[in-house]
Amino acid sequence: MSLGLTRTASSKRRIARRPQLSEDVAGRIRQQIVTGVLPPGSFVRIEEAAVELGVSATPVREALVALRGEGLVEQVPHRGYRVNELSAQDVDDIFWLQGTIAGTLAGRAASVITSEHLEQLTALNDGLRDAVARADTESVEYYEFEFHKCVNKVAGGMKLAWFLLGAVKYTPRLYATDKRWGDDAVRSHEQLIDAFERHDTEAAADVMRRQFREWDIR
């Protein structure tokens, strides 16, 4: 089965050659798996994937070995790598983990946040609102990422933020194309900023946990 990476505009872009090339290839294939473009049971063949991504076979091979270690694919002799099923419980666990970590970081941020940080978060949320209205998927992803990155920096829990980033790798990017989700995210951010202004640690943690639970769009 073809890797199917030409189905979306973002997937048409060839991956630039740089040291972390195999990580980029793994990220591209991982997203195809979690979004269902590569369904359970389908095969990813090294040579085909290399041609479609415009890279050599080596980074594809390295990427698939890494994805096998994550349990997303399994190697089948003489056939390639077969996509494993991502169960409903797996999805629930991923969002629970993200919500738990992000909620903890938001609670910490609420106790130390400054007016400058609040201005920055407000500006980022304004950017997200505009991107959602324009259906600009890339900008939606950018502002959403930068908003949460800012919260995590304020919280100062770099190890927790690192674990959160690891979990986010398994979040389907489909949410960025969903206007309903985008509108909800903007409102959630407004509620979070309000909790930050009051330095309400419990409310901030709860708002953040709820936002991640609502990402479960199965």
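Residues are called buried when their relative accessible area is under 20%, exposed when it is over 50%, and partly exposed in between, as judged with a 1.4 Å probe and with protein chains only. The structure described here is a predicted model, in which local features need a pLDDT of at least 70 and side-chain atom pairs count only at pLDDT 80 or more, whereas totals for chains, interfaces and linings use all residues. Residues are numbered from 1 along each chain as its sequence is written, and side-chain values use heavy atoms, with hydrogens and water left out.

The secondary structure of the protein comes to nine helices and three strands, where helices (H or I, at least four residues) and strands (E, at least two) are DSSP runs numbered from the N terminus. Read along the sequence, these elements follow the pattern α-β-α-α-β-β-α-α-α-α-α-α. Of the 218 residues in the protein, 44% are buried. The protein exposes about 11400 Å², of which carbon and sulfur atoms supply 52%; these accessible areas come from the Shrake-Rupley method with a 1.4 Å probe, and for residues only the protein chains shown count as cover. Contact is taken to mean heavy atoms within 4.5 Å, and among the contacts between residues at least 6 apart in sequence, 73% join residues at least 24 apart.

Helix α2 comprises residues 46-53, and its residues I46, A49, A50 and L53 are buried. These residues lie on the same side of α2, because they cover an arc of only 100° around the axis, the arc being that of the directions from the helix axis to the C-beta atoms. In general, an α-helix has 3.6 residues a turn, so residues three or four places apart point the same way. On the other side of α2, E47 and V51 are exposed. The cover over the buried residues of α2 includes α1 (21-34), β1 (43-44), α3 (57-69) and β3 (80-83). Just after α2, G54 takes a positive phi of about 70°.

Strand β2 (residues 73-76) pairs with β3 in the antiparallel sense over four bridges, pairing being assigned if DSSP finds at least two bridges between two strands. The bridge partner of V76 in β3 is G80, and the hairpin of β2 and β3 has three residues between the strands. In the loop between these two strands lies H78, which has a positive phi of about 70° although it is not a glycine. H78 is exposed, with a relative accessible area of 88%. A positive phi is also found for A135, another residue other than glycine, at a value near 55°. A135 lies in the loop between α5 and α6 and is exposed, with a relative accessible area of 62%. As background, most residues other than glycine have a negative phi.

A nonpolar core is a set of buried Ala, Val, Leu, Ile, Met, Phe, Trp, Tyr and Cys residues joined through side-chain atoms within 4.5 Å. The largest such core has 26 residues, and those with the most contacts inside it are L121, V151, L192 and F196. Two or more residues of this core come from each of α4 (88-112), α5 (115-133), α6 (137-155), α7 (158-168), α8 (179-197) and α9 (201-213), with α4 giving the most, at six residues. Leaving aside its neighbours within four places in sequence, L121 is in contact with I113, F147, C150, V151, I193 and F196.

Apart from neighbours within four places in sequence, N152 is in contact with L105, G157, A161 and L164.

A search of the whole structure finds two aromatic pairs, for which rings of Phe, Tyr and Trp (its six-membered ring) must have centres within 6.5 Å, with planes under 30 degrees apart counted as stacked, over 60 as edge-to-face and the rest as tilted. Y142 and Y143 form an edge-to-face pair, at 5.0 Å centre to centre and with 75° between the planes. Y142 counts as partly exposed at 45% relative accessibility, and Y143 counts as partly exposed at 23%. W162 and F163 also form an edge-to-face pair, at 5.1 Å centre to centre and with 75° between the planes. At 58% relative accessibility W162 counts as exposed, whereas F163, at 48%, counts as partly exposed.
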